[in-house]
Amino acid sequence: MSAITLSRLTKVYPGGVRALDALDLSISDGEFFALLGPSGCGKTTLLRTIAGLEVATGGTVEIGGRNVTNLQPGVRDVAMVFQDYALFPHMTVQDNIAYPLRIKKVGRAARQDKAAETAAELGLSALLDRRPAQLSGGQQQRVALARAMACHPQVFLLDEPLSNLDARLRLEARTFLKRLQRELGVTCVFVTHDQAEALALADRIAVMDGGRIRQVGTPVEVFRRPANTFVAGFIGSTPMNLLDAEVTGDGITVAGVRLAVPEAARGLVADGDQVVYGVRPEYLDLHAEAVDGALAGQVVVVENLGSSSLVSLDLPGADGSAGVSCQVVVPEGREPSLGATGWVLPREGRSLLYRDGELLGAPRPAPVAGVPA
């Protein structure tokens, strides 16, 4: 078993910089888990603390039911793949892959055989005698993964291993990495700032901000029901529209238009409440003529996304003057003209309501095993 449990994990650097703030988190055995967030949010510090490369200021780290908080990295039975791959430039591919086994005092013949076997699994057999400088970025990435695989760790820790690849190679490597993790069945913790990467790869995602976890959930849960406005604005190739609104009677007023209160928030708001109406651009429909319940605005930007386009409209503000921006994704060939008036209609059941930055009607998070509520 290689589950990971973090209890009240804290990391404070000299000068009082709190990189991790009493985190509680449980990662299941065999799970592909992503740590996602903007630069400086603490995700790499968290990964390095699990690995033992950073010493926790407080709290505990358990791997496979064993408390490893005070153990050295070499005895935690984890393998880490770094952003720059950290290959030894003077060693061949075979020697790079075999290096962890050399550290463990495995005999030369045995470690060379194991390196060749692991290289074959990743399509590297023809490259065993080359050095890193003679490899492409994708090949270097596979060598770094092979080196991690060679010693059969309980846990893989991946620190943005795809960030140095070009766009097409990243897509290929992403598919390869997902398939490899499934075949190995090993617990994998993957750090990235690329939300599309996290949504595509992970079984579950923890979205981090300022050393704290703002939401944990499956990609579908995090995308469709962000727990707060931070996650709503961060997740998605196009951020969620977050529009100021006011509860008026049994409805809400958004940009001068009266809409129904989203079902999950009914009974949780009162007349006069100031709220934020959230709806993703993908869950809006754009009409060229007036439609009941639609938000009217002027088309100011049209961005071609290939098979679709992202249309930005200026909606009237609450006072009827200052405009607020709203974005909607439209199919290829249905792009409006710049300056035209468009009517944006939210799809039923796809809108959310936030108050004080938190989702109304959000389910309470499930308790973490072994962590006090």
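Entry 1, ground rules. I count a contact when heavy atoms lie within 4.5 Å. Helices (H or I, at least four residues) and strands (E, at least two) are DSSP runs, numbered from the N terminus. I am working with a predicted model, where local features need pLDDT of at least 70, side-chain atom pairs count only at pLDDT 80 or more, and totals for chains, interfaces and linings use all residues. Residues are numbered from 1 along each chain as its sequence is written, and side-chain values use heavy atoms, with hydrogens and water left out.

I began with helix H3 (residues 108–121), which packs on H4 at an angle of about 130°, the axes being 9 Å apart. Axes here are lines fitted to C-alpha atoms, for helices over the stretch in contact, and angles run from 0 to 180 degrees between N-to-C directions. My labels are roughly parallel for angles under 35 degrees, roughly antiparallel for over 145, roughly perpendicular for 65 to 115, and oblique for the rest. H3 is therefore oblique to H4. On the H3 side I noted Lys114, Thr118 and Glu121, which meet Ala146, Met149 and Ala150 of H4. I sort residues into nonpolar (Ala, Val, Leu, Ile, Met, Phe, Trp, Tyr, Cys and Pro), charged (Asp, Glu, Lys and Arg) and polar (the others, Gly among them). That gives three nonpolar, one polar and two charged residues for the contact of H3 with H4.

From H2, the residues Val93, Asn96, Ile97, Pro100 and Leu101 meet Val143, Ala146, Arg147 and Ala150 of H4. By class I get seven nonpolar, one polar and one charged residues in this contact of H2 with H4.

H4 brings Gly137, Gly138, Gln141, Arg142, Leu145 and Met149 to the contact, and H5 brings Leu169, Ala173, Phe176, Leu177, Leu180 and Leu184. The contact of H4 with H5 divides into eight nonpolar, three polar and one charged residues.

On a 1 Å grid over the protein atoms alone, a cavity is a set of points where a 1.4 Å probe fits but cannot get out; a pocket is an open set with protein on both sides within 12 Å along at least five of seven lines; lining residues have an atom within 4 Å of a point. Grid points are joined across faces, edges and corners, and a volume is the space filled by probe spheres set on the points. How many cavities of 30 Å³ or more does the whole structure hold? My search finds one. The largest cavity has a volume of about 50 Å³. Its lining is made of Phe32, Leu145, Phe156, Leu158, Leu177, Leu180, Gln181, Leu184 and Cys188. H5 gives the largest share of that lining, four residues. By class the lining has eight nonpolar, one polar and no charged residues.

Of its 19 lining residues, Gly74, Val78, Ala79, Met80 and Pro100 are the closest to the centre. Strand E6 (78–81), helix H2 (93–103) and helix H4 (137–150) are the elements giving two or more residues to this lining.
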